[in-house]
Amino acid sequence: MIQRDSLGPVGLSALGDAELVHLAQEGSLEAFTVLYERYFPMVYNRVRYLVPEQDVEDVVQEIFITVMKSLKSYRGISQFSTWLRTLTNRRIVDYYRRRRPPEEEIDESLGENDPRLVSEKPSVTLDESILLREALRSLPEDYREVLLLRFAEGMKFDEIARLRGQSLEAVKSLFRRAVVAIRKEVGGSYV
Amino acid sequence: MSEPSSLDDQLAEFTERLLSGEVPDELEPTMQDQEFFELQTTVVRLKAAFEKGQPDEIMARRIKNNLIAEWKKAGLEAEASPFPKWWPRRKVSNRWTAMRQWQFVALAVAVVAVLVFMASFSNFSAMPAPGAAEGGAGVFLPVAILLGLVAVAGLVWALVRRKR
């Protein structure tokens with residue numbers, strides 16, 4: 001049994017997800033904070049490609065509040081990261097369900113040379129980001145997932161195969177079909 | 001599905017090399033398969049689109065502070081255990097389990113109280129016997145009533161906790 005009091009934040013960071021979850025379930029805020037710091041980049045990267053920029057922070061925060069409140073019902077049947085990914089995807093679906101129909105995402109007051117219209121990569125404009133987001137959202141879940149895992153989370157194909165319990169060949173095939181699908185989705189104008 | 005698997009392999013290999021920086025982002029049109037070239041182009045654009053900066057540290061800190069406040073507001077901190085140190089501790093997996101633990105204690109207290117009450121009542125019935133020690137039932141009865149009240153209070157408290 002891990003003694004919560006004997007571990008500082010540094011010691012806690014060395015623990016695995018299962019131990020941290022257990023401590024957080026017992027009321028350790030420090031353990032929950034370490035989990036947050038560990039998984040913030042994953043959740044953030046996933047959210048920012050699927051949700052308009054102005055709402056990313058709110059959605060990310062809502063996701064972690066949901067994690068906090070649902071933590072006691074997590075029984076460790078699946079890996080914590082898998083559980084968190086599922087929860088993130090659900091909250092994103094909820095976000096779009098709650099949201100009023102088509103809201104204009106490009107602020108019309110922005111001038112042509114407004115820096116907000118140009119991202120850090122000169123070749124990728126805000127329009128393209130919106131196109132990508134809409135295209136990703138409209139893809140079948142499997143396709144969207146493999147693209148997010150590879151590009152947003154930086155997982156290699158063999159890691160994705162292990163995570164999804166599929167063969168490497170199946171994942172590579174899924175990836176190619178996802179690339180074809182997103183290309184079709186946005187037409188020749190973008191990817 | 002009808003595509004040759006080699007195209008899957010080629011695209012996966014190209015993607016791995018591109019994302020690890022082995023392949024430049026600018027593709028030169030070649031005489032190779034047009035379909036593969038289009039897929040490569042798509043992957044290059046996806047990489048560019050997904051590369052828009054790192055998570056905002058200020059945002060991360062702000063969310064963390066809000067979460068800490070929310071955690072405290074929700075009263076999720078570990079509560080001081082009402083049980084003695086020798087009490088067998090087990091993992092509390094959810095609120096229902098935690099509540100049942102309290103109910104168990106309250107029930108146990110209630111049972112003990114009833115037993116004490118019954119014992120004292122039988123002593124009280126036997127009081128008129130000549131030569132019996134004085135004060136036996138007189139002590140047991142109020143104690144039993146007090147224990148009963150404590151048990152009832154415990155149960156009420158456990159139920160209030162459940163409703164919260």
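In chain B, 66% of the contacts with a separation of 6 or more are between residues 24 or more positions apart, two residues being in contact if their C-beta atoms, placed from the backbone, lie within 7 Å. In chain A, the share of such contacts that falls to residues 24 or more positions apart is 54%. The model is predicted, so local features need pLDDT of at least 70 and side-chain atom pairs count only at pLDDT 80 or more, while totals for chains, interfaces and linings use all residues. Residues are numbered from 1 along each chain as its sequence is written, and chains are lettered from A and ligands numbered from 1 in the order in which they are written.

The secondary structure can be taken chain by chain. Chain A has nine helices and zero strands, and chain B has five helices and zero strands. Here helices (H or I, at least four residues) and strands (E, at least two) are DSSP runs, numbered from the N terminus. Of the 191 residues in chain A, 29% are buried; of the 164 residues in chain B, 13% are buried. A residue counts as buried if 20 or more other C-beta atoms lie within 10 Å of its own, as exposed if 12 or fewer do, and as partly exposed in between, with C-beta atoms placed from the backbone.

The axes of helix 9 (residues 168-186) of chain A and helix 2 of chain B come within 10 Å and cross at roughly 80°. Helix 9 of chain A is therefore roughly perpendicular to helix 2 of chain B. Axes are lines fitted to C-alpha atoms, for helices over the stretch in contact, and angles run from 0 to 180 degrees between N-to-C directions. Angles under 35 degrees count as roughly parallel, over 145 as roughly antiparallel, 65 to 115 as roughly perpendicular and the rest as oblique. On the side of helix 9 of chain A, the contact is made by Arg176(A), Val179(A), Val180(A), Ile182(A) and Arg183(A), and on the side of helix 2 of chain B by Glu38(B), Leu39(B), Thr42(B) and Val43(B).

A second pairing involves helix 3 of each chain. Helix 3 of chain A and helix 3 (residues 57-73) of chain B pack at about 150°, with their axes 11 Å apart, and are therefore roughly antiparallel to each other. Leu29(A), Phe32(A), Thr33(A), Tyr36(A) and Phe40(A) meet Ala60(B), Lys64(B), Leu67(B), Ile68(B) and Trp71(B) here.

Glu30(A) and Leu20(A), 10 residues apart in sequence, are 9.0 Å apart from C-alpha to C-alpha.
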